[in-house]
Amino acid sequence: MLKIQGIRKAFGPLQVLKGIDLQVNQGDVVAILGPSGSGKTTLLRCLNFLESADAGTMEFDGESFQLDSISRKEIRALRKKTAFVFQNYNLFLNRTAIQNVMEGLVIARKVPKPQAREIAARALDKVGLSDRYDYYPWQLSGGQQQRVAIARAMATDPEIIYFDEPTSALDPELTGEVLSVMRQLADEGMTMLVVTHEMGFARNVSSQVIFMEDGVIVEQAAAGEFFSHPGQERTKAFLANLGDGQYGA
Amino acid sequence: MSDGRLWSLFADSFWKILLPGLTMTIPLTVIAFSLALVIAVCVALVQFANVRVFKQLARFYIWVFRGTPLLVQLFVVFYGLPNVGVLIEPFPAAVLVFSLNEGAYCAESIRAALEAVPVGQMEAGYCAGMTYLQIIRRIILPQAMRTAFPPLSNSLIAMVKDTSLAANITVTEMFMVTQRIVARTYEPLLLYIEVGLIYLLFSTLLTGLQRMGEKRLSTHTKKGGE
């Protein structure tokens with residue numbers, strides 16, 4: 001469904017992505033792990049064109065694109081087929097929860113308002129916020145805001161959802177509510193690419209794990225395989241450094 | 001002069017001064033400020049969006065109108081332009097100058113407010129599939145206008161007072177009417193204090209309106225609503 005080849009990205013003299021190849025099949029839940037500064041977030045942002053890659057090709061649904069010369073129109077068409085969940089939620093601050101979910105439907109996809117409202121309500125119900133439709137972002141906790149953001153992402157029925165460290169800004173107590181919503185999405189067969197530090201999620205929910213460091217993919221394996229028989233020395237060291245507590249959830 | 005005569009002069013002239021306030025000062029302010037806002041939003045947006053040639057034009061416009069005295073601008077338009085065959089009536093000339101002058105200041109308030117909107121708002125809009133203009137109109141500008149509201153109110157209050165300068169290009173607003181009464185009665189202290197009080201009254205009303213406006217606009221921020 002999504003195939004990436006040779007993504008490169010530099011910020012000035014700093015090479016952040018040094019040629020990444022990646023394939024995601026429909027229904028896959030791929031977790032991207034790695035230490036800070038390894039380029040995980042930049043990779044995700046390049047996939048949705050929030051950063052422009054210096055080189056690389058993308059194949060999405062059988063269509064090919066050159067990442068360094070893709071047109072604005074193609075970018076917008078691709079963005080309409082995908083969704084993005086940010087680390088700090090980025091809900092529209094001047095819109096209520098339900099308006100946040102409706103915005104992409106009504107404005108970008110021209111769904112009639114009453115119908116969009118129904119879809120939005122269903123999405124919010126699904127993430128457990130049926131009593132918070134008309135709350136503004138500042139009236140919601142971090143976990144609730146992130147669940148609105150996930151509702152906003154899934155309401156447009158995307159082919160893939162990118163998650164950029166969706167729980168990193170949350171208290172441990174609030175992390176659980178967001179992770180359980182994500183697990184539910186995964187169970188329903190949503191294709192997801194998740195940059196995360198949650199080992200429990202990577203281990204128990206994802207089907208594939210990618211381990212990145214210094215702008216390259218060090219190891220890619222099925223989740224079970226990755227945690228039980230890591231192939232690379234660097235991966236073993238990374239896993240050994242994690243406290244046992246983080247394997248829960 | 002007796003206190004009684006002073007008091008009746010004060011009372012008589014109050015309505016004489018207030019009337020041009022209602023028929024000239026306020027319409028001049030309302031019309032010119034509305035136009036100034038339109039100019040300011042456009043000038044701020046072309047800078048925010050980095051539209052090449054327009055951005056330079058915008059900087060030039062702000063440079064000229066912030067850098068020269070309002071009074072000089074009024075004189076150039078009203079007394080100067082007839083030299084090149086452009087005759088403008090006093091009131092429209094005042095509207096033109098006040099809106100252009102105020103637009104330059106308001107543009108900077110709005111530009112600052114646009115830049116203060118977190119960059120994530122734009123990114124979230126893109127990820128929702130919206131176009132740049134859709135995001136500006138529905139997400140960025142509404143948030144920026146809330147931030148810009150206090151400085152814009154400041155500009156509005158300043159403008160009410162600055163309209164007194166229009167007396168210099170024969171607009172019969174409050175200050176000119178006061179000057180005429182002074183010329184007849186020789187009571188400058190009383191009458192100039194009186195017109196000052198009426199300006200103060202207008203500013204106070206506007207400050208009240210500002211507070212109400214801020215409350216209404218702030219439903220989506222922590223400070224207001226609830």
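Predicted model: local features only at pLDDT ≥ 70, side-chain atom pairs only at ≥ 80, totals over all residues.
Starting with the overall build, chain A is made up of nine helices and 10 strands. The C-alpha trace spans about 55 × 45 × 30 Å along its principal axes. Buried residues account for 55% of the 249 residues in chain A. As for contacts between residues at least 6 apart in sequence, 64% of those in chain A join residues at least 24 apart. The accessible surface of chain A is about 10,600 Å², and carbon and sulfur atoms contribute 45% of it.

Next comes the sheet. Six strands of chain A form an open sheet with mixed pairing, in the order β6-β7-β8-β3-β9-β10. Its edges are β6 (82–85) and β10 (216–222) of chain A, each of which pairs on one side only. Ignoring direction, neighbouring strands of this sheet are turned by 15° against each other on average. Within the sheet, β3 (residues 29–33) and β8 (residues 192–195) of chain A run parallel and share four bridges; here Val30(A) sits opposite Leu193(A) of β8(A). Helix α9 (residues 233–240) of chain A packs on the sheet, where it touches β3, β9 (208–213) and β10 of chain A, and its direction makes about 100° with that of β9(A).

The α9–β9 pairing also shows up among the side chains. Glu213(A) and Arg234(A) form a salt bridge with an N to O distance of 2.6 Å. This pair links distant parts of the chain, with Glu213(A) in strand β9 and Arg234(A) in helix α9 of chain A, 21 residues apart.

Over all chains, the salt bridge count comes to 14. Arg45(A) takes part in a salt bridge with Glu51(A), with the closest N and O atoms 3.2 Å apart, and both of these residues are buried. Arg45(A) also forms a salt bridge with Glu123(B), where the closest N and O atoms are 2.6 Å apart. That pair crosses between chains, from helix α5 (residues 119–127) of chain B to helix α1 (residues 40–47) of chain A. Glu123(B) is buried, as is Arg45(A). Over in chain B, a network of salt bridges links Arg59(B), Arg66(B), Glu108(B), Arg111(B) and Glu115(B).

Terms used
Residues numbered from 1 in each chain as written. Chains lettered and ligands numbered in written order. Heavy atoms only, no water. Pairing = 2+ DSSP bridges. Helix = DSSP H or I, 4+ residues; strand = E, 2+ residues; numbered from the N terminus. Axes fitted to C-alpha atoms, helices over the stretch in contact; angles between N-to-C directions. Contact = heavy atoms within 4.5 Å. Buried < 20%, exposed > 50% of the residue type's maximum accessible area, 1.4 Å probe, protein only. Areas by Shrake-Rupley, 256 points an atom, 1.4 Å probe, with all protein chains shown as cover. Salt bridge = Lys/Arg side-chain N within 4 Å of Asp/Glu carboxyl O.
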